[in-house]
Amino acid sequence: MAFAVSDELLGTFVPIAVYWIYSGIYVMLEGFEDYRLHPKGDENVKNIVSRGTVVKGVLVQQAFQIIVSLLLFKFVGDDSATKPQQPSATVIAVQFVIAMLVMDTWQYFMHRYMHINKFLYKHLHSKHHSLVVPYAFGALYNHPLEGLILDTIGGVLSFLTSGMTPRTAIFFFSFATIKTVDDHCGLWLPGNLFHALFQNNSAYHDIHHQLYGNKYNFSQPFFVTWDKILGTYMPYTLENRKEGGLEARPIKAD
């Protein structure tokens, strides 16, 4: 007898597996110094937490994510044995766009508020900024409460507002996970489609992780729309470092 796994369970656990698999690929590519946005040695000097601590922190956040996801699907799921019919490709595409816009809007304003509010920054968001030199599997290294507010609730709102099915959610949240990891990878690899399709990318977000940029480039994970509308957009140029590799440098306004 075949063993069936529900779309709800897949929607909960597949994005987590994608997170570690995609991060692992970037870990294997970290040795390509010519494409790094920071010298490898900067990680040990500037980051105040070890990679082991980051792994533990991410696993804690993902545990909360699993609990909320399972509770969500329990309350909004269909108890009947009949799976919801998948809509057309056009409808799914529209749902993706709606979910992306909702997630971007929620994360921009929550993220920015965590910088404005000194208490929240000190006790919550500063944990994420302890990684001045970002790397792939540090993308979800947050205080658990921040992870709940920023990522998990943002995901719930995207799911509910867009009206997507649990099966569509598998693909949307896997895509959002890949995009988030990519934005924190600390590399600028040639041929990366995310760099071609999105202004919000690893170099753009690297600016935000630097001291001079922590009041700019709040947008995540898809577009830079809110930064441009509300005056927090900091453009950059990619420059070659003398010792090799690349550096994202802010472009100063005239």
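Me: Which helices each supply at least two residues of the lining of the largest cavity?

Reply: The model is a predicted one. In it, the largest cavity is lined by 36 residues. The helices that each supply at least two residues of this lining are α1 (7-29), α3 (51-76), α4 (89-116), α6 (144-162) and α7.

Me: Which helix gives the most to the lining of the largest cavity, and with how many residues?

Reply: The helices that each supply at least two lining residues include α4 and α6. The most is given by α6, with 7 residues.

Me: Which residues lie nearest the centre of the largest cavity, and what is its volume?

Reply: Nearest the centre of the largest cavity lie Gln-65, Asp-151, Thr-152, Phe-173 and Thr-177. By class, its lining has 16 nonpolar, 17 polar and 3 charged residues. The volume of this cavity is about 570 Å³.

Me: How many cavities of 30 Å³ or more are there, and how much space lies in the second largest cavity?

Reply: The count comes to 2 cavities of 30 Å³ or more. In the second largest cavity, the space is about 40 Å³.

Me: How do the residues lining the second largest cavity divide by class?

Reply: This cavity is lined by Glu-30, Arg-36, Glu-43, Arg-51, Pro-134, Tyr-135, Cys-185, Gly-186 and Leu-187. Gly counts as polar, whereas Tyr, Cys, Pro and Leu count as nonpolar, and Glu and Arg as charged. The lining therefore divides into 4 nonpolar, 1 polar and 4 charged residues.

Me: In which sense do strands β1 and β2 pair?

Reply: Strand β1 covers residues 236-240 and strand β2 residues 246-250, with 5 bridges in the pairing. Thr-237 has Arg-249 in β2 as its bridge partner, while Asn-240 stands opposite Leu-246 in β2. The sense of the pairing is antiparallel.

Me: Which residue in the turn of the hairpin has a positive phi?

Reply: The hairpin formed by β1 and β2 has 5 residues between the strands. A positive phi of about 105° is found in this turn, at Gly-244.

Conventions
Residues numbered from 1 in each chain as written. Predicted model: local features only at pLDDT ≥ 70, side-chain atom pairs only at ≥ 80, totals over all residues. Heavy atoms only, no water. Pairing = 2+ DSSP bridges. Helix = DSSP H or I, 4+ residues; strand = E, 2+ residues; numbered from the N terminus. 1 Å grid on protein atoms, 1.4 Å probe; cavity = no way out; pocket = protein on both sides within 12 Å on 5 of 7 lines; lining within 4 Å. Points joined across faces, edges and corners; volume = space filled by probe spheres on them.
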